[in-house]
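Here is my note for your first look at this model. Keep the structure open and follow the points in order.

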Amino acid sequence: MGMAAGTCCEQGCVPGFEAWWEVTSGGSREPGRSVAELQLEALCAPAAAVAAPCENCATEDCISQDQIHHEVQDYYGRELQKSEDLKTNACITPNRPVPKAVRDALQRVHEEVVARYYGCGLIIPECLTSCRVLDLGSGSGRDCYVLSQLVGEQGHVTGIDMTEAQVEVAKKHIAYHMEKFGYQKSNVEFLQGYMENLGDVGLPDESYDIVVSNCVINLALDKRAVLREAYRVLKPGGEMYFSDVYASQRLSEAVRKHRVLWGECLAGALFWRDLYSIAKEVGFSPPCLVTASPITISNKELERITGDCCFVSATFRLFKVPGSSRAGPGQVIYNGGIVGHEQELVFDANFTFKEGEVVDVDAEMAAILRSSRFAEEFLIRAGGSDGAAPPGCCHGKMKEKICDPFLLLQQRASPARSCGAAGTCGPQGCC
């Protein structure tokens, strides 16, 4: 992360969450250190225990991508037969309440497909009608069959997975689901291949509106390649919406080379701060943190190996924002037109848009809404103040964006404070 002439410290609306931000040469802010983060790091990650990332370690210490592919294919294709066989909750942790439309869609998915599902969150974004969606690491196809119903017969869903046994389960039930959904023709396909090189299975540039992924990117050693490929196949204004596992520190060699921890989605967990630098390098807008859930390990031996490192499953949104859409901050009004979200749209952990309400947004969010599939759902006009607080926040006290998933968990675990003198603010926002 590049530094400009200096850094600044700004106190947000949440007491105890003073945020450090590094200012780039272009004037944008990137997440730096925070008081809460330093406290969490002191608890979870003593400096001596923080290992260098694998790309900086000696060649003989690094597990190869081919080894990872082989071990994971064996783990998910042969060793795991159902979600109950997992040794941690990393691959089954729910991240958000499930909307009714998604619950109904899940009820129509074949029981074998559901039984072979492994994922760490809900990767069903909003506003899907007629979209083309690509699911990276689609496994048995559960999420693809849910998405198939939400995009409708005029939309299309492609699932790609490297494990032959999982792809076979997904393909076996295509006809069943199309009949169940009442479709005249299939709107879903499954491919066996690697998400690090989507060109090998013939996926062209700018061919999808949305890329989703559910607890799979951690299984790739080269995460930059995965994000580069997702960026390549997305149309301008397209979105990558994904849940994955993140670590509170860079992982030790013992964790990185452990076979079961790879299969359990922990050995390949990205240090959360590295996601921001990789996304920027690839060309995505800064990640929007949607939600996070804690990960527990129900195995003493695995707990011993992971040591003081903490893990979290988190959902992020990344957007491929064209340069022509970038301008200043703005004011937006949500029209309530997204099915299932008519009253309000919880876009991420920082922005909730209520129908008919004027909301000040920063330049990044204005550009996202202006260029994406959400553009028709909002009235967007220039104005507002960059870094503006969400509706109802204290005037003159701007609430900084939450970027750290561990910080988000800590914030949500804090009891809400009542309003006090001089606009006292609580963990859930401002009075």
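**Notes on charge pairs, a sheet and a serine**

1. Glu253 and Lys257 form a salt bridge, with their closest N and O atoms 3.7 Å apart. Glu253 is partly exposed, at 35% relative accessibility. Lys257 is partly exposed too, at 38%. Bear in mind that this is a predicted model.

2. The structure holds 16 salt bridges. Side chains of opposite charge can pair when their charged atoms come close. Look next at Arg317 and Glu239: their closest N and O atoms are 2.6 Å apart. Arg317 sits in strand 11 and Glu239 in strand 8, so the bridge ties together parts 78 residues apart in sequence. Arg317 is buried, with 0% relative accessible area. Glu239 is buried as well, at 0%.

3. Asp362 forms a salt bridge with Lys401, at 2.6 Å between the closest N and O atoms. Asp362 lies in the loop between strand 15 and helix 13, and Lys401 in the loop between strand 16 and helix 14. They are 39 residues apart. Asp362 is buried at 6%, whereas Lys401 is partly exposed at 24%.

4. Three strands form an open, antiparallel sheet in the order 15-12-16. Strands 15 and 16 are the edges, each pairing on one side only. Four bridges join strand 12 to strand 15. Gly330 stands opposite Val361 in strand 15.

5. Finally, find Ser371 in helix 13. Ser371 is buried, at 16% relative accessibility. Its side chain reaches the backbone oxygen of Ala367 at 2.9 Å.

Note on methods. Residues numbered from 1 in each chain as written. Predicted model: local features only at pLDDT ≥ 70, side-chain atom pairs only at ≥ 80, totals over all residues. Heavy atoms only, no water. Pairing = 2+ DSSP bridges. Helix = DSSP H or I, 4+ residues; strand = E, 2+ residues; numbered from the N terminus. Buried < 20%, exposed > 50% of the residue type's maximum accessible area, 1.4 Å probe, protein only. Polar contact = N/O pair within 3.5 Å; in protein donor to acceptor, adjacent residues only side chain to side chain. Salt bridge = Lys/Arg side-chain N within 4 Å of Asp/Glu carboxyl O.
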